[in-house]
Amino acid sequence: MPNVVSIELEAQEVAWEFAPGRSIPGFAYNGEVPGPAIEANVGDTIEARLTNNLPEATMVHWHGIRLPAEMDGTGAVQRAVEPGETFTYRFVVPDAGTFWYHSHHNETEQIERGLYGPLIVRGADEPKLDRERVLLLDDLKLDVEGNVSPFGDSHEHHAGREGEIRLVNGRQEPELELAGGQIERWRIVNAANTKYVRLSIGGRPFSIIGTDGGLLSEPREATEVLVTPGERVELAVGPFDEGESVQIEGLPYDRGQGESEQEQFATVRVGATAPSRVTSSGSPSHIEPLANADSEPTRTIDMKALMHGGHAQRDDPVKVGELQIWELVNETGSDHPFHLHGFFFQVVEVDGEPPPVVSWEDTVNVPKKSRVRIAWLADNRPGQWMYHCHILEHHAMGMMAHFEVVP
Ligand SMILES: [Cu+2]
């Protein structure tokens, strides 16, 4: 039976203690960073009443949820919620997966200050691992005095905003306790403004079991996975041996700003061994490919032109039920994570090569000097939608476009 999941979200200023004894003036939902975990089952209705007690306007975007256009939380479909006002978001969650909600207004500052939280939707036949964790990765840019670095200098406009403080669930490089011998399901969200995370768990093998739009057809073994801003991955992690200590880290990656340093996000400490009760990896969710490699693009999106647009642009309408094959062309010298609102797509090819598995995504990295071809189908949710670069500073600079889905 579908339920109504009701939640009050109060956006407010808070002293965000990101490390013991260290706080910054943050913005938070219900006084916590990240905001409360919203959990629902497929088919449930979420009713989230936002009260804005911030000193500035805000809006909530439900990243990855296939909801009606008017609930998407962007300036194209609603008036910003002014200080003292309330707005109720109401929508059904049709897909199982790891999603997140975050501010979509002055977001370079509001998300950096903490306005984000996880939204978990469960299906009928989920993999049964020993334990589940949600890990929201983030970073924080402070100045030499330890205050929030000022927003929007010209370097940030181009390079994005990256900080030296690495956070997991709002805390700087925390320690996670894990039982030996167990296999956990980790739902990982990259909530950073700009930081790319080439995620490694001490170089240990893990299984990628899901992406933005839910579970893969079958797990894929890996020792690293790139998680760009906005993206999610789900991993089956472990087992580890009692007494081990393993780092959750970001490996060096060059997104066009030179190779980054290896960075630590958290430490996993393995405690006493506990029996593993893993019995089922769930029923595989077969994903039917929407297109093959020789499907001709119906539209080309030139990310360089988009980046230099400098203001909100309008793209052609999309007709409900008409297969979209979009060629994302990135001739710039930097990677850009492309985010489509409200719909999932499949990656058909990257520079002519098909991806290792078919998956549902709402955010995909378009590497520098590369082309990524995606396929998607608009189901019957007409209205105003958008796509943009999920490097928030690029989005704010105008690396975005609106388009209408028409019946
Ligand atoms: Cu970008």
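Asn 106 sits in the loop between E7 and helix H1 (107–112). Helices (H or I, at least four residues) and strands (E, at least two) are DSSP runs, numbered from the N terminus. Asn 106 is not a glycine, yet its phi is positive, about 40°. With a relative accessible area of 35%, Asn 106 is partly exposed. Buried means under 20% relative accessible area, exposed over 50%, partly exposed in between (1.4 Å probe, protein chains only).

Asp 351 is found in the loop between strand E26 (346–350) and strand E27 (363–366). Its phi is near 50°, a positive value in a residue other than glycine. Asp 351 is partly exposed, at 44% relative accessible area.

## Basis of the model

This is a predicted model: local features need pLDDT of at least 70, side-chain atom pairs count only at pLDDT 80 or more, and totals for chains, interfaces and linings use all residues. Residues are numbered from 1 along each chain as its sequence is written, and side-chain values use heavy atoms, with hydrogens and water left out.

## Copper site

The copper ion has three named protein donors: His 336 (ND1), Cys 389 (SG) and His 394 (ND1), lying 2.0 to 2.1 Å from it. Donors are N, O and S atoms within 2.8 Å of the metal (3.2 Å for Na, K and Ca); water is not among the atoms, so sites may look incomplete. The donor spacing in sequence is H-x52-C-x4-H. His 336 lies in strand E25 (residues 336–340) and Cys 389 in strand E29 (residues 383–389), so the pair ties together parts that are 53 residues apart in sequence.

His 336 is buried, with a relative accessible area of 0%. Cys 389 is buried too, at 1%.

## A four-stranded sheet

An open sheet is formed by 4 strands in the order E3-E8-E7-E5, with mixed pairing. Strand E3 (38–41) and strand E5 (60–63) are the edges, each pairing on one side only. Two strands pair if DSSP finds at least two bridges between them.

E5 and strand E7 (residues 97–103) run antiparallel and are joined by 4 bridges. Trp 62 stands opposite Tyr 101 in E7.

## Cis prolines

The peptide bond from Val 33 to Pro 34 is cis, with omega near -5°. Pro 34 is in the loop between strand E2 (22–29) and E3. The bond from Gly 238 to Pro 239 is also cis, with omega near 5°. Pro 239 lies in the loop between strand E18 (232–237) and strand E19 (245–251).
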